[in-house]
Amino acid sequence: MPLLETRDLTRHFGGLAAVNHVDLTVEKGEIVGLIGPNGAGKTTCFNLLSGFLRPTAGSIAFDGEDITGRRPHQIAARGLVRTFQLTTLFQEMTALQNVLLGLHLHSGTGLRQLLFSRRDFPPDEVARGREALEFTGLAAHADQLTKNLPHGHQRVLGIAMALAARPRLLLLDEPVTGMNLDESGRVMDLVKTIRGHGTTILLVEHNMKAVMGTCERIVVLNFGQKLSEGTPSEVSTSRDVIQAYLGTGVNHA
Ligand SMILES: Nc1ncnc2c1ncn2[C@@H]1O[C@H](COP(=O)(O)OP(=O)(O)O)[C@@H](O)[C@H]1O
Ligand SMILES: [Mg+2]
């Protein structure tokens, strides 16, 4: 049984089919890349999988259970977790506090309630948070204010926040876009380490070198539909895929 399986997954925005009858399968233990030109529907797909958007049609099964239409915290609680974007980080809080808040965002506790409760986090949660920071190489920065961390570290902090929730399937939306070669190399190594510890990965990324070097299988979206699917070499030599990317300024750096 696949860990994730969508059937006919579809999402309309008005007259636009942003995601259009997509069958997507991810097996346990894979690193799968989801790529496609700008506007292809990748982020919409992630929002559907993580419950931030409801599908117009189609279904999503996670580990054999139909999770179509479930709310984000219900989906996260089952182990399907997306990373947080930079804009979700609390700049005036420490790295550790962010990871701890991340745990609660996944658990569905209201943020306002958390911020004003002024209670201490229980020791087991703090331990879990520190573990996630250790794993991502941010342990030395645990007590630093997020705003004082370099940009690359802040991006990794978004991953640490998701890891603290102990995902079985981690959705990574553009983890290395905009990073230099060194930073992106480290993050892609981290992605492989995360998978090595048993977390399956679905990755959206524009940096083709990172995608080709990390993913075993790639699914290509174009205009909301699945255009191609296969190994990195199959996909990168597909005439349809090359055609779809022509003139879109894809980043080969
Ligand atoms: N909330 C929204 N309302 C209306 N249109 C949207 C919304 N989100 C995305 N779209 C449209 O859906 C299409 C797919 O967008 P998106 O999923 O962000 O693509 P990608 O992440 O592949 O660049 C685009 O045409 C985009 O303009
Ligand atoms: Mg996007």
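A: Four strands form an open sheet, ordered β2-β1-β4-β5, with antiparallel pairing. Strands here are DSSP E runs of at least two residues, helices are H or I runs of at least four, and both are numbered from the N terminus. Two strands pair if DSSP finds at least two bridges between them.

Q: Before we go on, what kind of model is this?
A: A predicted one: local features need pLDDT of at least 70, side-chain atom pairs count only at pLDDT 80 or more, and totals for chains, interfaces and linings use all residues. Residues are numbered from 1 along each chain as its sequence is written, chains are lettered from A and ligands numbered from 1 in the order written, and side-chain values use heavy atoms, leaving out hydrogens and water.

Q: How many bridges join β1 to β2?
A: Seven, with β1 covering residues 4-13. Arg11 has Val19 of β2 as its bridge partner.

Q: Which strands does α1 lie across?
A: Helix α1 (residues 42-49) lies across β1, β2 and β4 (57-62). Its direction is at about 115° to β1. Angles run from 0 to 180 degrees between N-to-C directions, and axes are lines fitted to C-alpha atoms, for helices over the stretch in contact.

Q: What is the strand order in the six-strand sheet?
A: β6-β7-β8-β3-β9-β10, an open sheet with mixed pairing. β6 (80-82) and β10 (225-230) are its edge strands. The twist averages 20° from one strand to the next.

Q: How do β6 and β7 pair, parallel or antiparallel?
A: Parallel, over three bridges, with β7 at residues 169-173. Val81 has Leu170 of β7 as its bridge partner.

Q: Which strands does α7 touch?
A: α7 packs on the sheet against β3 (31-35), β7 and β8 (200-204). Its direction makes about 150° with that of β8.

Q: And how do α6 and α7 cross?
A: The axes of α6 (residues 151-163) and α7 (residues 181-196) come within 11 Å and cross at roughly 10°. The two are therefore roughly parallel (angles under 35 degrees). Gly152, Val156, Ile159 and Leu163 of α6 make the contact (heavy atoms within 4.5 Å) with Glu183, Val187, Leu190 and Ile194 of α7.

Q: New topic: Thr94. Buried or exposed?
A: Buried (under 20% relative accessible area, 1.4 Å probe, protein chains only), at 13%. Thr94 sits in the loop between β6 and α3 (95-107).

Key:
Angles under 35 degrees count as roughly parallel, over 145 as roughly antiparallel, 65 to 115 as roughly perpendicular and the rest as oblique. Buried means under 20% relative accessible area, exposed over 50%, partly exposed in between (1.4 Å probe, protein chains only).
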